[in-house]
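Here is a short briefing to read alongside the model.

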Amino acid sequence: MKNLVIIGGSDAGISAALRAREYDPSIKPIIIESGNFPNFSICGLPYYISHEVTNWKNLAHRTKEEIEDKGIRLLLGHRATMIDTASKKVTVTDHHGQMIFLDYDKLVIGTGAISIKPAILGFDNPGVFLLRWVPDSIALDDFIDKRKPKNALIIGAGYIGMEMAEALVKRGLKITVVEFTESVMPTFDPDLGMMIKDTLAQNNISVYNNIAVESINPLDDKLIVRGTNNFEIVADMVFTSVGVTPNTSLDVLSGLEKGIKGAYKVNKKMEIGIPDIYAAGDCAETWHSLLKKYVYMPLGSIAHKQGRIAGENAAGGNREFAGSLGTQSVKVFDKVIARTGLNEKEAKDGIFDPVSADFETWDHKVYFPTARKLHIKVTADKMSGKIIGAQILGAYGKEVSKRIDIFATAIFHEMTIRNFNDYDLSYTPPLSSPWDPVQMAVQKLEKNPLLKK
Ligand SMILES: Cc1cc2nc3c(=O)[nH]c(=O)nc-3n(C[C@H](O)[C@H](O)[C@H](O)COP(=O)(O)OP(=O)(O)OC[C@H]3O[C@@H](n4cnc5c(N)ncnc54)[C@H](O)[C@@H]3O)c2cc1C
């Protein structure tokens, strides 16, 4: 194979290039990247805004030189505009605005996603921010440094909204959050969302739920934001995070089929149905291994894995993406909230008859100092007894994310609640109990008479 061309130099594209090189060192992938910041940790941007990461350059997973040292050619400031699948050429506009054409034998598309700009009147006013790329975070940081805002309104209480609430509090701003749904972190059960809401209140953050923001208008050097239910607030700046949409605007000649939210339809080999073209990451659909169907799940953890599969297959391999469970953890001030698999509502909408247990206990033996409460919700399928979901909320530093990963591993291997108790998990009093809290939660669920024995 001669030419492996990759469009997009972020999580999916770089993973594809690295894996292709490992699989077949004779391949010298070319990455076309429209920006100038290849392989940056987008997930780390809120921690640059908070200044816990002091220099944005530290957010690079790898520098440009490190990527090139691995035998990967980077075309930065180059935008792919069209793929001619018949002649196998990509049309690219370079950093001088010149059009160039690149031949490919295999092509991986990793064009990612873009932040949704909500249909709010006056959304383009200065002082209104989105966050997706390094330049967005530099612009936001500059605004805080120069304009010294005292307060900010955050639109959207999803995980990025929560991370940014914490980041902006760390920069000394008073934060208000406005959210369309009835809770915060709406992908979690509302009772866990309420606990996060309490954490926000403890950090002097007011939250307004069930409100759709409708307009943002300048008022002297401030912004007046209005919404449904007579919502009105004056803010020094507005940060918006209401989701992303797949970036699939590339012109692909020969009628490419798009799927959920306009994402590329892929199979488990990450092929898009046109010979020799693969797609991975936020621009593509994701196979959900519990629901047994494709979903749109834009996460960096998934983009890395899909990119690796696409890269290996483009290099001549034959690997399949095993699927995703939507495993995710988020730090919100001193708390961490995490989930994997399905909650009861999702399971009912799917192919399961779910039953759950709510359980609260100490993260380690309470006689040892610093024990903190963990809230664990675990869901199983009544008929099969298989674990199908879990949510955990606990204090930062109390292994919440690694404990959710235990559930993720169990679900991946289709474990039942019975064999979950057979897991040989570690124990020492400062870190756990003879039965780890995740096993205690499952033991509570096992007692539920609704479960078929
Ligand atoms: C603030 C924030 C925090 C996040 N935190 C987490 C987290 O904690 N955990 C998690 O799992 N996920 C997190 N995510 C999501 C994660 O960042 C994305 O899922 C991941 O970046 C997707 O990688 P990707 O390579 O598919 O796409 P992207 O990162 O979107 O990259 C696509 C790349 O393609 C380039 N490109 C696009 N079109 C073209 C074109 N036509 N020609 C050339 N280049 C092009 C873009 O410039 C970009 O570099 C977070 C996202 C944000 C915004």
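Arg403, Ile406 and Phe407 in α9 meet Pro437, Val438 and Val442 in α11, where contact means heavy atoms within 4.5 Å. This is a predicted model, in which local features need pLDDT of at least 70 and side-chain atom pairs count only at pLDDT 80 or more, while totals for chains, interfaces and linings use all residues. Residues are numbered from 1 along each chain as its sequence is written, and side-chain values use heavy atoms, leaving out hydrogens and water.

- By class, the contact of α9 with α11 has five nonpolar residues, no polar ones and one charged residue (Ala, Val, Leu, Ile, Met, Phe, Trp, Tyr, Cys and Pro count as nonpolar, Asp, Glu, Lys and Arg as charged, and the others, Gly among them, as polar).
- Helix α9 spans residues 400-412 and helix α11 residues 437-446; they pack at about 50°, with axes 10 Å apart (axes are lines fitted to C-alpha atoms over the stretch in contact, and angles run from 0 to 180 degrees between N-to-C directions).

**Around the ligand**
- The ligand has 32 residues around it, of which Ser10, Ala12, Glu33, Arg132 and Asp282 come nearest (a residue is near if one of its heavy atoms lies within 4 Å).
- This shell divides into 15 nonpolar, twelve polar and five charged residues.
- Helix α7 gives the most to the shell, with three residues (helices are DSSP runs of H or I, at least four residues, numbered from the N terminus).

Terms used
Helix = DSSP H or I, 4+ residues; strand = E, 2+ residues; numbered from the N terminus.
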